[in-house]
Amino acid sequence: MKFVQNIFDQTRPLVEKDGKRNLLYPLHNALETMAFVPDHTSHSGAHVRDAIDLKRTMVTVIFAMVPALLFGMWNIGRLHFGAFGEESSLLDNVIFGALKMLPLITVTYAAGLGVEIYFSWKRNHPVNEGFLVSGLLIPMIMPVDIPLWMVAVSTIFAVLIGKEVFGGTGMNLLNPALTARAFAFFAYPTWMSGDKVWINTTSADGGQLVDGYSGATALGDLATTVGQGMGNPATETVMAQFGPEGTYSLMNAFLGLIPGSIGETSAALILLGGLFLIFKGVGSWRIMLSFFIGGFVMAAIFSAFAVNEFMGLNPLHQLMLGGFMFGMVFMATDPVSASQTATGKLIYGFLAGFFGIMIRVFNPAYPEGIMLAILFMNVMAPLIDHYVVEANVKRRAKRLANA
Amino acid sequence: MSTEVKTKESLFSKKNRQLLKDPFNDNNPITVQVLGICSALAITVKLEPAIVMSLSVMFVLAAGNVIISLIRNLIPNRIRIIVQLVVVASLVILVDQFLKAFAYDVSKQLSVFVGLIITNCIIMGRFEAFALGNGPWKAFLDGIGNSIGYAVILIAVAFVRELLGSGQLLGKQIIPLSWYIDLDKGTGFYANNGFFLFPPMALIVVGMIIWAQRAKNTKLIEEN
């Protein structure tokens, strides 16, 4: 590593304030802090520093995402070869998925960091680690077959409108990764929904799709049952898929053996990441728990008063489908856009889960209910915090008056 | 009675030119005063209705300003809003009938928004703030200036939204059809951005214009 350090040391005079290439300072700084622990020391006064700085937090989240990401890669390959009825080994699947995933990740980071570096340079800030997590989250919540430039445009929009206009990392009102997905969903609905984009079906050797191939997601299939009523023979074939032997069985949905956005399918591995986040103290258990309860309550109410099969789905099964788990662990817990107070977090999480399932079931055209619900609650979070703080002030004032 | 000697002001004195120029940038009705946002949202999906809307507002605002300015000394102060409404409503009905007679398709697209010019905040705002206190020529210039300020933003937003949202300008295809992705044939690389057809995108585009304007024109930035 010494020679990398040397490169940074040698080029530093060039990019410093009166150096020849001082415009490149933010880039130099970003790469250097990514590679090494910064040796900046404070010059005045005594400071106690917590070891868990922004970089540590971000890297912890990245670690938590790795299992779901690797599974997503494997799942891309599995679904691709499965669609042609071909046999494939574990390695084949992962390699195929990695080759699909790498361009997505590269494009997201290039687009997002490009905007970030431009603004840091304009504002004379060092580039911070804020985009590290968003840049990995965005490819994980995209369908595998989305054109790369759409990912780039959505990322640029999210970083620009979702984050930089409010003042950059830590000032954003909305979760940037979800902003990117919401933009892509409304801008290019053909590539973000339907049954053409979730499984890659471009064959190198002219293979034929297997009989009965369907590229739809579980929620997409469920949406077709709306308006048919309960126990209708027309919905039987769809609902059979959700039975214990079907493609979308509870077990398959839990393990993630279903089509969907790249990283969102495996509830089990996402939960593993969630536990890691809670254990490290980075993710808020309050939000995750109340989010889950909120979704469960809504799903339970629906299945108790079901008028169609979508509503009637077993609540636990409902929560395993779509982006619910991913939203719960990685999206709703974003420390900037979520509520800050402890009570506020409980209310915020509960309502996000509650509305998420509600949007998804009431309007099957928006299977992305979780995304919309979290974005909505992001906007509401400061309001929730305000009333929680007010209530606390009132309670203490009363206590003082009574004492 | 003032004893001051009145000097004759030329038609396009510096002050009068300022009336025309000011609303274009420093005092733009949409981006600085944030008035007339509703119509900027509703009719900027396509360029053509935006242009027709701008012309209609220009006529109503200029003519209304002159009329109000002419009768400004006759209007009892207490009922001035009603008088203003009568004037603007009559003018809007004229515009509406004119559009129905000569540009039926566009008037269909604009639907209620022609009628809603009556409640356009810019118009009432200029009557109240300017026409009631100034002579007809000045009021006319002020009306023209403000409606140009309104039109520039409206047309800019509509230009961006129609080009990116439908790939067209004034209903003509600008982006070659062969560029579009055909999922069945697997050709092409481009797709229209459907988000630009939704009203929220109009607000975002207006916001970006405000951002760019303030970056250039630093005296607009409030101190806080």
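**Where the chains meet**

Before anything else, this is a predicted model. Let me start with the interface: eight residues of chain A are in contact with eight residues of chain B. Which element supplies the largest share of the side of chain A that touches chain B? That is helix 7 of chain A, residues 176–187, with three residues. By residue class, the side of chain A that touches chain B has seven nonpolar residues, one charged and no polar.

Now to chain B. The secondary structure there amounts to nine helices and two strands. Reading from the N terminus, the order in chain B is α-α-α-α-α-α-α-α-β-β-α. The C-alpha trace of chain B spans about 85 × 45 × 30 Å along its principal axes. Chain B has 224 residues, and 33% of them count as buried. If we take contacts in chain B between residues at least 6 apart in sequence, 76% join residues at least 24 apart.

One helix pair in chain B to look at. Helix 1 of chain B, residues 14–21, packs with helix 8 of chain B, residues 136–166, at an angle of about 30°, and their axes are 7 Å apart. Angles under 35 degrees count as roughly parallel, so helix 1 of chain B and helix 8 of chain B are roughly parallel to each other. The residues of this contact divide into four nonpolar, two polar and three charged. On the helix 1 side of chain B they are B:Asn16, B:Leu19, B:Leu20 and B:Lys21. Those meet B:Lys138, B:Leu141, B:Asp142, B:Ile144 and B:Gly145 in helix 8 of chain B.

Conventions
Residues are numbered from 1 along each chain as its sequence is written. Chains are lettered from A and ligands numbered from 1 in the order in which they are written. This is a predicted model: local features need pLDDT of at least 70, side-chain atom pairs count only at pLDDT 80 or more; totals for chains, interfaces and linings use all residues. Helices (H or I, at least four residues) and strands (E, at least two) are DSSP runs, numbered from the N terminus. A residue is buried if 20 or more other C-beta atoms lie within 10 Å of its own, exposed if 12 or fewer, and partly exposed in between; C-beta atoms are placed from the backbone. Two residues are in contact if their C-beta atoms, placed from the backbone, lie within 7 Å. Axes are lines fitted to C-alpha atoms, for helices over the stretch in contact, and angles run from 0 to 180 degrees between N-to-C directions. Angles under 35 degrees count as roughly parallel, over 145 as roughly antiparallel, 65 to 115 as roughly perpendicular and the rest as oblique. Ala, Val, Leu, Ile, Met, Phe, Trp, Tyr, Cys and Pro count as nonpolar, Asp, Glu, Lys and Arg as charged, and the others, Gly among them, as polar.
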